[in-house]
Amino acid sequence: MSASVPRLVVAAPSSGSGKTTVATGLMAAFAGRGLAVSPHKVGPDYIDPGYHALATGRAGRNLDAYLCGPELVGPLFLHGARGCDIAVVEGVMGLYDGAAGEGELASTAHVAKLLRAPVVLVVDASSQSRSVAALVHGFASWDPEVRAGGVILNKVASDRHEELLREALEQAGVPVLGVLRRAAQVSTPSRHLGLVPVAERQGAAVEAVAAMAAQVADGCDLKALEALARTAGAVPGGSAPWTPASPTHHATRSDEADQQRAPVVAIAGGPAFTFSYTEHTELLAAAGAEVVTFDPLRDEELPEGTAGLVIGGGFPEMYASELSANEPLRKAVAALAESGAPVAAECAGLLYLCRELDGLPMCGVLDARARMSERLTLGYRDAVAVGDSVLAAAGTRMRGHEFHRTVVEPGSGAEPAWGVRGPRPRVEGFVQRGVHASYLHTHWASEPGVARRFVERCRTS
């Protein structure tokens, strides 16, 4: 594919400015014009990509320079944008906010520079008029390598307010590409960890995305935005698209035999387990697995022939009663783990494997209890595998992300999953038999051997 796919990065001075509304609406509006749109999200967020997928009909993909390394941002982007007419990348937090203590690393500005993509700045103009020019000028001039291609003014109160804003911005030298009025119908409900995921809202989410598309199409200059996207040149560094297949893998007769007995890897899905990177499924399939999704809220059995289990993140605390009531599946999960089969659990998956969550019985695979907490645990983590497990050999270094308002007691087992480096080093998680359970969300594209190791264990356990 061409490495010069048209692209835009939608950024903002701060969180809460309207990035998700504008980015999702822009994706849907472009798709409504017949364009094949590739949706992307800067950072580790799992929820926004669900809305992006609704808007475009394609999997929403993350671009995280901390979890995957700057060198993979271009290849992962090109992989996701394969065959598309245009790509829209939604930023994270404020334009220049990155990993704490790491400078620009993993910020929206960093990713925009790695992609050499023009930036559209979404500004909440609800409480300002002439000051908007100083704000935009500051963001546009802070880093000369970041190209601010235009501004979209959000939450504009009236025609007169818009007139004042436009007059002020004429001095900033950044064109106004859209003006959006306040609109309640495009808002999406939030709770303790951000927006409510698409899988939990169903029809309401579809209606919200349609409203976003209508608002953006009505208030923005789509032709100018598309033209701006087309000013992006080739992705720097001569990047080739990322591939889930190992670069050293070559088909053999043995491989063909393995394909005939592809191990079934069951992945938890449904409303309670919505956090999953698309690349994980692609890596498992490329390693030879048959990937099957199941819903722990409704399915009373694991998929037929399950040889390995992956339980990612989500909101089990919102569905603790339903998960607990599904006793047949809890027992099936416990039996699979007891057999020594590979089980990989992250965050929500960790809670599900505990004896109980907020006093309600869970799977009982781990001798630990989980409960909701008032304290938010949030941030990137630099981790190293403490010992050998179904995911990694001892000493394997990976970067992860924690995001939860729950506590697991104890926080680690006799054999922890990870040693977390940094100012306050600690161990966390559980490794026992074939189980690897941890609060850390990781992106397996950064270490493809994780998926290959897991599938091989599925074959041999």
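These are my notebook entries on a few things I looked up in this predicted model.

**Entry 1: confidence**
The mean pLDDT of the protein chain is 92, and 92% of its residues reach 70 or more. A reminder to myself: where pLDDT is low, the predicted coordinates should not be read in detail.

**Entry 2: H1 against H2**
Next I turned to helix H1, residues 19-32, and its packing on helix H2, residues 47-56. Their axes are 8 Å apart and meet at an angle of about 20 degrees. Angles under 35 degrees count as roughly parallel, and H1 and H2 are therefore roughly parallel to each other. The crossing of H1 past H2 is right-handed. I noted who makes the contact: from H1 come Thr20, Thr24, Met27, Ala28 and Ala31, and from H2 come Asp48, Tyr51, His52, Ala55 and Thr56. Sorted by class, this contact has 5 nonpolar, 4 polar and 1 charged residues.

**Entry 3: H1 against H8**
On the H1 side the contact uses Thr20, Thr21, Val22, Thr24, Gly25, Leu26, Ala28 and Ala29. H8 brings Val209, Met212, Ala213, Gln215, Val216 and Ala217. The class count for H1 with H8 is 9 nonpolar, 5 polar and no charged residues.

**Entry 4: an aromatic pair**
I found 7 aromatic pairs in the structure. One of them is Tyr46 with Tyr277: the ring centres are 4.5 Å apart and the planes at 25 degrees, so the pair is stacked. Which parts does this pair tie together? Tyr46 sits in the loop between strand E2 (37-42) and H2, while Tyr277 sits in the loop between strand E10 (264-268) and helix H11 (278-286). The pair therefore links parts that are 231 residues apart in sequence.

Last, I checked two places in the backbone. The peptide bond from Glu409 to Pro410 is cis, with omega near 0 degrees. Pro410 belongs to the loop between strand E17 (397-409) and strand E18 (418-420). My other stop was Ala106, which is not a glycine and yet has a positive phi of about 75 degrees. I located Ala106 in the loop between strand E4 (86-90) and helix H4 (108-115).

Technical notes: Residues are numbered from 1 along each chain as its sequence is written. This is a predicted model: local features need pLDDT of at least 70, side-chain atom pairs count only at pLDDT 80 or more; totals for chains, interfaces and linings use all residues. Side-chain values use heavy atoms; hydrogens and water are left out. Axes are lines fitted to C-alpha atoms, for helices over the stretch in contact, and angles run from 0 to 180 degrees between N-to-C directions. Helices (H or I, at least four residues) and strands (E, at least two) are DSSP runs, numbered from the N terminus. Angles under 35 degrees count as roughly parallel, over 145 as roughly antiparallel, 65 to 115 as roughly perpendicular and the rest as oblique. A crossing is left-handed if the near helix is turned anticlockwise from the far one by less than a right angle, and right-handed if clockwise. Contact means heavy atoms within 4.5 Å. Ala, Val, Leu, Ile, Met, Phe, Trp, Tyr, Cys and Pro count as nonpolar, Asp, Glu, Lys and Arg as charged, and the others, Gly among them, as polar. pLDDT is the predictor's confidence in each residue, from 0 to 100. Rings of Phe, Tyr and Trp (its six-membered ring) pair if their centres lie within 6.5 Å; planes under 30 degrees apart count as stacked, over 60 as edge-to-face and the rest as tilted.
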